[in-house]
Amino acid sequence: LRRNADHYGVSLIKKYGVDHAALDYILPRHRGARFLFIDGWTGKGGISRELARSVAEYNASRGTNLPDKLTVLADLAGVSG
């Protein structure tokens with residue numbers, strides 16, 4: 001299958017969350033598109049939890065419905081969604 005997939009690097013920092021300004025930039029440019037947060041690996045799940053917390057905050061403040069799960073290539077602790 002051939003599919004077009006846009007890719008953006010978005011900061012996610014523990015205790016600060018995902019970059020809301022970056023999401024504000026990206027979302028209007030891709031209305032209705034499937035949206036995934038992807039990383040190379042996760043260890044103890046701290047970033048997965050931070051993503052879920054931060055995306056919930058973003059969704060509540062913007063009226064959006066972004067998924068709050070992190071997709072990873074290697075899930076060493078079995079904690080990604």
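**Close-ups of a predicted model**

**View 1. Alanine 74 and its contacts.** Leaving out residues up to four places away in sequence, alanine 74 touches Gly40, Trp41 and Thr42 (contact means heavy atoms within 4.5 Å). This is a predicted model, where local features need pLDDT of at least 70 and side-chain atom pairs count only at pLDDT 80 or more, while totals for chains, interfaces and linings use all residues. Residue numbers run from 1 along each chain as its sequence is written, and side-chain values use heavy atoms, with hydrogens and water left out. Alanine 74 sits in strand E4, residues 70-75 (helices, H or I, of at least four residues and strands, E, of at least two are DSSP runs, numbered from the N terminus). Along the chain, alanine 74 and tryptophan 41 are 33 residues apart, yet their C-alpha atoms are separated by 4.5 Å. With 29% relative accessibility, alanine 74 counts as partly exposed (buried is under 20% relative accessible area, exposed is over 50%, and partly exposed is in between, using a 1.4 Å probe and protein chains only).

View 2. Side chains of opposite charge can pair when their charged atoms come close. Start with glutamate 50 and arginine 53: their closest N and O atoms are 2.3 Å apart. Both belong to helix H2 (residues 46-62), three residues apart, or about one turn of the helix. Arginine 53 also bridges to glutamate 57, at 3.3 Å from N to O. That pair lies in helix H2 too, four residues apart, again about one turn. Arginine 53 is partly exposed at 38%, and so is glutamate 57 at 41%.

**View 3. Lysine 69 paired with aspartate 68.** Another salt bridge joins lysine 69 to aspartate 68, with the closest N and O atoms 3.9 Å apart. Lysine 69 is partly exposed, at 49% relative accessible area. Aspartate 68 counts as partly exposed as well, at 28%.

View 4. Serine 54 is found in helix H2 and counts as buried because its relative accessibility is 1%. What does serine 54 contact, leaving aside its neighbours within four places in sequence? The list is Gly17, Val18 and His20. Asparagine 59 has its place in helix H2 as well, and at 14% relative accessibility it counts as buried. With residues up to four places away in sequence left out, asparagine 59 touches Thr64, Asn65 and Leu66.

View 5. Lys14, Lys15, Lys44 and Arg49 form a positive surface patch. Patches take residues with over 30% relative accessible area and no salt bridge, joining like charges within 9 Å and nonpolar side chains (Val, Leu, Ile, Met, Phe, Trp, Tyr) within 5 Å. Areas come from the Shrake-Rupley method with a 1.4 Å probe, and for residues only the protein chains shown count as cover. Lys and Arg count as positive, Asp and Glu as negative, with His and the chain ends not counted; the charge is placed at NZ of Lys, CZ of Arg, CG of Asp or CD of Glu. One member, lysine 14, lies in the loop between strand E1 (12-13) and strand E2 (17-18). Lysine 14 is exposed, with a relative accessible area of 52%.

Methods:
A salt bridge is a side-chain nitrogen of Lys or Arg within 4 Å of a carboxyl oxygen of Asp or Glu.
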